[in-house]
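Work through the exercises below with the structure open beside you. Try each task before you read its solution.

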Amino acid sequence: MPANLSMSALRVWRLLLVSSALALTGVQPVSATTEAGLAGPATPEELETAREDFMTYCSGCHGEDARGRGPVAIELKTKPADLTAIAQRNGGTFDREQVYKKIEGLDMPASHGTSEMPVWGAWFVHQAVGEGVLIEDARTAAKEATQRINNLVKYLESLQK
Ligand code: HEC
């Protein structure tokens, strides 16, 4: 379908545009993890936003209870991680920065094309930039994406056993 083809070409182009705009402006979602958003206790609003994102984007693989048994899990070669045992696997410490990087995608084998864990940083930026074409739109999009991941990190922290 030519229409579909040009749609996906457009998407790829937009993602490229966003990444180069981010590079140009020095906006890097990962460096923002040290901003206030990831520090401090989670607010009820942050947890609620994250819960909605989790049910929409993550539960298919990780399961609604985050234990790694979502309906899509059996289709995958790599078993989705039990996200309630992140701290347990890390000697009892929940490292927010580390979890952030995994969700964003930079710290995942996904960036090397081998993992079945999607790269959410790029996806959230892509969603947030919408129809925007200005560098300012890319900045805002990067901030929004960072905030959504921050919220997800805090949500996962709240689920640790
Ligand atoms: C298509 C299936 C799939 C979806 C959807 C998915 N994940 Fe994953 N995830 C995985 C798999 C598989 C792993 C195992 C690690 C790997 O890929 O090497 C994983 C690993 C992780 C890890 C690392 C756990 C650890 O202790 O190392 C985190 C954190 C995580 N996912 C969070 C999320 C969040 C948050 C979402 C939603 C925004 C999400 N995942 C959506 C498949 C998925």
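The exercises below concern a predicted model.

**Exercise 1.** Find which protein atoms are donors to the iron atom of the ligand, and name the arrangement of the donors around the iron.

*Solution.* 
- Start with the protein donors. They are H62 (NE2) and M117 (SD), lying 2.0 to 2.1 Å from the iron atom.
- H62 is in helix 2 (residues 44-62). M117 is in the loop between helix 4 (96-104) and helix 5 (120-129). The pair is 55 residues apart and links distant parts of the chain.
- Then take the angles. The 6 donor atoms around the iron subtend 85 to 180°, so the arrangement is octahedral.
- For reference, ideal angles for six octahedral donors are 90 or 180 degrees.

**Exercise 2.** Decide how the rings of Y57 and F124 are arranged.

*Solution.* 
- Note the distance: the ring centres are 5.6 Å apart.
- Note the angle: the planes lie at 75°. Planes over 60 degrees apart count as edge-to-face, so that is the label for this pair.
- Locate the residues. Y57 is in helix 2 and F124 is in helix 5, 67 residues apart.

**Exercise 3.** Classify the pair of W120 and F124, and state whether each residue is buried or exposed.

*Solution.* 
- The centres are 5.9 Å apart and the planes 35°, a tilted pair.
- W120 and F124 are 4 residues apart in helix 5, so about one helical turn separates them.
- Buried means under 20% relative accessible area. W120, at 13%, is buried. F124, at 2%, is buried too.

Terms used: Residues are numbered from 1 along each chain as its sequence is written. This is a predicted model: local features need pLDDT of at least 70, side-chain atom pairs count only at pLDDT 80 or more; totals for chains, interfaces and linings use all residues. Side-chain values use heavy atoms; hydrogens and water are left out. Donors are N, O and S atoms within 2.8 Å of the metal (3.2 Å for Na, K and Ca); water is not among the atoms, so sites may look incomplete. Four donors count as tetrahedral if all angles lie between 85 and 135 degrees; four count as square planar and six as octahedral if opposite donors are over 155 degrees apart and all others between 65 and 115; anything else is irregular. Helices (H or I, at least four residues) and strands (E, at least two) are DSSP runs, numbered from the N terminus. Rings of Phe, Tyr and Trp (its six-membered ring) pair if their centres lie within 6.5 Å; planes under 30 degrees apart count as stacked, over 60 as edge-to-face and the rest as tilted. Buried means under 20% relative accessible area, exposed over 50%, partly exposed in between (1.4 Å probe, protein chains only).
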